[in-house]
Amino acid sequence: MAEHRPWHGTQKFVAVMPALFVLLWSTGFIVAKYAVPHAPPLAFLLWRYASVVLVLLPVIVFTGAPWPRNAATWLHVAAVGVLLQATYLGGVWWSIAEGMPAGASALIVGLQPLLTAFFAGAVGERATARQWLGLVLGFAGVVLVLTDRFTLQGVGLAPLAANVLALAGITAGTLYQKRFGVGVDLRTGSAIQFGASFLVTLPWVLASGRWQVDLAPGFWFALAWSVVVLSLAAMALLLTMIRRGRATEVASLMYLTPPATALLAWALFGEVLGLKAWAGVLVAMSGVALVMHKRRNGGAS
């Protein structure tokens, strides 16, 4: 019998997953510019969650993807979805719509890698001294990138609380996925997560009375990009990396989101980047490199 050899293409894809994830995830802030004029934030997210489920259900039926076999697993998967989607995205989008500057929002959420490392003992992990140094450097880089855009002047308590809740949501969701999310099919798991997020978000949209959307081309573009690129591709990469790697290392990639978004805004919209911002990009990249560094024998440093 011929010896089975792993497909090298798979190994190469795994190697580029972090960079691909950062690139895709960073477009979320860009596509929001197209969505905001056409829909209230929570209403847009409601459309996004529903659309993801509608896309996934035929795929699940056609491919025969297995559903979780017990209620406890369904609840665990739904909890991850509510934390990573309804809580994190809902908190960030709503707070920005209520007056939270995008730079301040990104900086608050940028604390997530540090919080994840602090609570990583809950999933049996411990950050090394080198990784803690990388985490601090990464956050310093984010501060440099966002320093010219950070202000809390005129921000109310409710938007600030919503942003802190979003920070808690993505931190808890990352750790919860690492603890309970192993072994669930990504197709059915994603359908459960976005379905649960839809059910959690729907009462808030109905209570706000703000569900009208402008079905203009810009809305459909933002929705399609959010569904295919962010909710399906980027989220699948995130969940896969959490399963395969350490929660602290995966969380550190979030430090690269503000620099990558700033670079995209510079390239697409001509937004000016000062010397501090460019320095912040380099510092953030250096910090993440320290966190992700492996010894040559394959062990974590």
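This is a predicted model: local features need pLDDT of at least 70, side-chain atom pairs count only at pLDDT 80 or more; totals for chains, interfaces and linings use all residues.
**Entry 1: glutamate 98**

I then asked which residue forms a salt bridge with glutamate 98. The partner is arginine 210, and the closest N and O atoms are 3.7 Å apart. The cut-off is 4 Å, so the pair counts as a salt bridge.

I checked where the two residues sit. Glutamate 98 is in the loop between α3 (71-97) and α4 (102-109), while arginine 210 is in the loop between α8 and α9. They are 112 residues apart, and the pair links distant parts of the chain. For arginine 210 I found a relative accessible area of 41%, which means that arginine 210 is partly exposed as well.

**Entry 2: the other salt bridge**

I looked up how many salt bridges the rule gives, and the count is 2. Besides the pair above, aspartate 185 and arginine 187 meet through their side chains, with 2.7 Å from N to O. I noted arginine 187 as partly exposed, because its relative accessible area is 30%.

**Entry 3: helices α8 and α9**

I turned to the two helices on either side of the arginine 210 loop. Helix α8 covers residues 186-208 and helix α9 covers residues 217-244. Their axes are 11 Å apart and the packing angle is about 110°. Angles of 65 to 115 degrees count as roughly perpendicular, so I put α8 and α9 in that class. The crossing of α8 past α9 is right-handed.

Which residues make the contact between α8 and α9? From α8 I listed Leu186, Gln193 and Phe194. From α9 I listed Ser231, Met235, Ala236, Leu239, Thr240 and Arg243. I sorted the residues of this contact by type and got 5 nonpolar, 3 polar and 1 charged.

**Entry 4: the whole chain**

Last, I looked at the chain as a whole. The chain has 301 residues, and 48% of them count as buried.

I also asked how far apart in sequence the contacting residues are. Taking contacts between residues at least 6 apart in sequence, I found that 90% join residues at least 24 apart.

How values were computed:
Residues are numbered from 1 along each chain as its sequence is written. Side-chain values use heavy atoms; hydrogens and water are left out. Axes are lines fitted to C-alpha atoms, for helices over the stretch in contact, and angles run from 0 to 180 degrees between N-to-C directions. Helices (H or I, at least four residues) and strands (E, at least two) are DSSP runs, numbered from the N terminus. Angles under 35 degrees count as roughly parallel, over 145 as roughly antiparallel, 65 to 115 as roughly perpendicular and the rest as oblique. A crossing is left-handed if the near helix is turned anticlockwise from the far one by less than a right angle, and right-handed if clockwise. Contact means heavy atoms within 4.5 Å. Ala, Val, Leu, Ile, Met, Phe, Trp, Tyr, Cys and Pro count as nonpolar, Asp, Glu, Lys and Arg as charged, and the others, Gly among them, as polar. Buried means under 20% relative accessible area, exposed over 50%, partly exposed in between (1.4 Å probe, protein chains only).
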